[in-house]
Amino acid sequence: MEKRFACASQGFPQKNEIIKLYLSSDDLKIQCFFQSESELTSKEFLSVFTSGGLAPSLGIINSTYSGIFHFNLTLFSDRVYWLIDIPRENITKNTDIAPVEEWLVRITLQHGLNIYTTEGTLLDSVREPILQWNLGTVMTKNEVSKLYPHVVDLKVTKCPCANDVALLGFILNPTLDGVYIGLTFSGFWNYDDTTWYNLTDMIYSQVGEEHTELSVVDMVLTNHFLVILTSLGLFISGDLRYPSSSVLMFSRADFCGFERVDYVKGKLWYNERCFANRERFEVDYVTIAFERNRTLSEASSCFYSQEPFLEWLPCLPHISKGAKTIPSTVITFLIDQEHSSGIYLFSNQVGLTAQGASVSILKNNKPRLKEKFPLFSFPSSFSSPVGMVFHPRSHFLYAYGNQVWLSIDGGNTFEFLADFHDDIIKNTYHSFYTSDITFVSQSGKVYLTKAGLERYSKIGSISDKIFTLYYDHMGFIHKLTPDRFEAGGSLAAFGNSKGIFGQAPDMGFETALAPQYITINEMIFYAYVPANEPKESVHTKQFNNIHFGKVIHSGKTGTAYIRKVLQHNTPEGFLSSVIAEIVDPFGIEEVHESSCLSSSLFINQAGNFYQLTLQLQSPGVISSFQDSDIEKTVVIPGYSSFLITSILDDKNALAVATMPERVPSNMAFLKDSWFLHDFGQRNGRTWKIYSKPCNYWFQQHDDLLSLNVLKYIDLGKSHALKVKVIPNTKGVRTLKIPLLKVIVGNPTLLEVKAEGTFDYTDSYLMEISAASKSLHQCSTSLAFIVWGASTECFVTTIVPTLKSSCSYLKSMHHIPSTLIPLEDWISGVHKDSQGFNLIKTLPINYRPPSNMGIAIPLTDNFYHADPSKPIPRNLFRKSKKSGKFKQCANVSTREECNCTHDQKFSHAVAFSDCREKVPRFKFPVTQYPISLEIYSEDGRIPVETPYLVTVTEVNQRENWELEHAVPENVKKLKDYLQLILHAPVYNPLGLNLSIKGSELFHFRVSVIPGVTFCNLVEEFQIYVDEVPLPFPGHTLIAIAAAVMMGGLIFITFMFQLCNIHPWNVCRKLIRGNKVNFSSISANQPAH
């Protein structure tokens, strides 16, 4: 009875289906089972684990996030499964449509215990852009089946961030017109899960129905757009993030002078990168290359564009008139965003065809005429180039055709990887998760390598005439045909392709090998090429790069690990050889298999050959050379080996020597001092070559990290990465040389230091420290490559991405002096020890006072907004002109403002409409500590120098001041920044706030620019209440002055009313006094 562990978020999982979970707008509910044919058996399994206190745990991981969730330990009597219910906001709070990484889920039977672990995926179906659209008319299964006879090829493209979301297009013959595309969100595991759309009417609406022979030619799904190349033109969708209608609309790009005959031979090229949490410097580019030379009236036969793909520019830079150029055809043009350059693969059309690679610097997103590096010329043997492609999310660049070349330095140089001679690689397929790269030749042979690995293997062949390959998000390879899909199977190891290609193929070739011992543990195998071998087939009898790192198996016993492949012209008859380390000793021929072993052996030279002569030692013993001895190798310890090529008679044979300088001269070797190895192919090849089983294990210091982790490095900061390589090399020597190779995509962006050591178990530990050294914001990939690993290993390469930028998880937060629980915020009551409520519920449509008074608010910010209620403090003209709703604009009630729970408790001024409650303080506020911390994925750190800050009050209120201490080493920087910013600059450490005003104060704290890539801003609010009334001295003086002035006016009025003129009376009194004075003076007697 088959039993297995399975989980599902939708329905009951099917047999052999890997775990596929989907996150909707509701909570994530996951059921995990022990599947068996009997429900009773499943209950028994669960009961056993539950009684032992064990329950599964769920790890959710992507490049920037990891979290652990635990299933309920308690089981209900009627359940045959474990259940977990995770609120969506516990995984992600975002609901906007945008590219988002598909999560890896890792389910273990008890976290921390290595009992059982399985993996699957979790897709956010709410946010994935392409899933929000209706691509066209939905087709039935019967309608799709009618297309099969007309299909001549298939094209597949997948979402860069969620590889399980993919599109499959039918390329049709001229007998049927139409654009038919299938969409999957589950990685093409089940044919019936694919939704098929007919886009024919949409295309004809752009070009007119008079055109015929319409078919898909190529497709590219970028982060935000779908680009479809058809036989009638290139069509670009609208932005997938902004659904404006139920049906996805397309626009046609116009290329003057190009017609249907050109479009059907066109090819789209795209550098696949995931732009989740997109930075401003990240943008998608797409190139279209036509398979013909440009005419004099055409700007180019290759064009590229950046999103939104409205303007298509020639790939080649503009060349001034009169400048000499070599006529060339651009095969591929790719934008390398790590180096801000454009890379060309082209073929010259002058004389003999030769291929080259060129790199141009981009300026304003356009390639310059001046080359960044000298032109790299491929050898003439690379005669049939097909294209060039970046491995997703990495800097590994592959040029392919009848050969494959690898560049790790942005196209400056290329290293030879493989030669397929007359067989041409037509397509490549990539998995960013497992670093698998599959090459498919025109003859149907399939080859596998790993990103950055300088070895490859043959994994089989495909006999289907119409097929394409596809890697899903977890690295499973799928074979897609028009009417069925095949996969490796969930029960196989990750990345295992045997389910599609059958047994591992023998990579040997039809010739004889001649072994030559070097030491007891090491030997050389020479591949024999007969002198009469036709020149065009010589390569079929030679070792080549495919054999590097493989294992030679003898038909008897014995294996040897190939460490090096050699090409040479001598000795005669041997054009190639391999140096191999013996893992298991090889079996030798017995006397009953080769009777010649019963004799002594005498060797002498016979022209270009050596004659081997048997000398009978024991009378009566039958000993002779036989035809079956041809292609066997005579091995003499300490001397050259001899490959027998022909039998002259029963006592003499001709042979070629593997080491002519080590041939014994006129010497006889007694029996048992020489022996025979059989590595021939005369009677059927007696040796084979297979891939080596995985010989290394990769281990990260944190098991919760993704294989393709993304780390942000802020200005002046550094980050450390640690990995361990554990050898699994039973029977093979472990050399004390570094097992790991580290390659930086853009060395000028970051300062990278590496330190590697061996531990006592021969494991190799590598620690990388990457530090920001430039003000330039960009990203680069970093590659850890186990250079000696077999292609059979699940992981040979880890490609983390390092961004010299600000993490979207990094933010600054104000730490209040008193922490108030959420339930108290909701209730609006939280009292201190003296009974003072520390929460203030703001009045509806509240606005803080201005410097002109409490009754005259001048700010534009409303708090606790409700458009249906009156606006208080709105009597004065200036107050009526100010005040603008934000969240509540153009609505009539508060409910229509759609304020979320988080917005109601946000301190941000952008959500002031929603803010209802604020912290309340008793007057006066003195020396309030402004404590700030920076939150990031690495934890919390206090804000301190050099993170100097500016502080403003968003409603332009005064009556507050700050106190801080400025160290001498910061004073000059502070004074300089104040001149530049025209604002006070403060040291955040020990920053204290005092407030002498009343009611609401809303502060914004900003970190100065130049010390971080992040725009670190935090806001906090303080409501000052219970302000005492001030002494009324000013009021009393004003009243007294008014009373006095009023009294004077009243007395004057009464005098006028009674016709009393005080001034005239005064004058009369004055004159009367003067007369009396004069009379008195005149009547005085003389003395």
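W312 is buried in this predicted model, with a relative accessible area of 13%. Buried here means under 20% relative accessible area, exposed means over 50%, and partly exposed lies in between (1.4 Å probe, protein chains only). The model is predicted, and local features need pLDDT of at least 70, side-chain atom pairs count only at pLDDT 80 or more, and totals for chains, interfaces and linings use all residues. Residues are numbered from 1 along each chain as its sequence is written, and side-chain values use heavy atoms, with hydrogens and water left out.

The structure holds 49 aromatic pairs. Rings of Phe, Tyr and Trp (its six-membered ring) pair if their centres lie within 6.5 Å; planes under 30 degrees apart count as stacked, over 60 as edge-to-face and the rest as tilted. F255 and W312 form an edge-to-face pair, because their ring centres are 5.8 Å apart and their planes stand at 70°. This pair links distant parts of the chain, 57 residues apart. F255 sits in the loop between β17 (250–253) and α5 (260–263), and W312 in the loop between β20 (302–306) and β21 (313–314). Helices (H or I, at least four residues) and strands (E, at least two) are DSSP runs, numbered from the N terminus. F255 is also buried, at 4% relative accessibility. Both residues belong to one aromatic cluster, formed by F225, F255, F258, Y263, F290, F303, F309 and W312.

A tilted pair joins Y526 and F574, with 5.4 Å from centre to centre and 55° between the planes. Y526 lies in strand β39 (residues 522–528) and F574 in strand β42 (residues 574–584). The two are 48 residues apart, and the pair links distant parts of the chain. Y526 is buried at a relative accessible area of 8%. F574 is buried at 0%.

Helix α4 (residues 200–207) has T200, M202, I203, Y204 and V207 buried. Its buried residues pack against β12 (180–184), β13 (195–198), β16 (233–237) and β17. Just after α4, G208 takes a positive phi of about 100°. N173 is found in the loop between β11 (166–172) and β12. N173 is buried, with a relative accessible area of 19%. Leaving aside neighbours within four places in sequence, N173 is in contact (heavy atoms within 4.5 Å) with P149, H150 and V152.

E896 lies in the loop between α8 (877–881) and α9 (901–904). This residue is partly exposed, with a relative accessible area of 39%. The C-alpha atoms of E896 and D866 are separated by 9.4 Å, and the two residues are 30 apart along the chain.

Across the whole chain, the secondary structure comes to twelve helices and 70 strands. Buried residues make up 52% of the 1087 residues. Among contacts between residues at least 6 apart in sequence, 62% join residues at least 24 apart. The C-alpha trace spans about 195 × 80 × 75 Å along its principal axes. The chain has a radius of gyration of 42 Å, whereas a compact globule of 1087 residues would have one near 31 Å. That radius is taken over C-alpha atoms, and the globule rule is 2.2 Å times the number of residues to the power 0.38.
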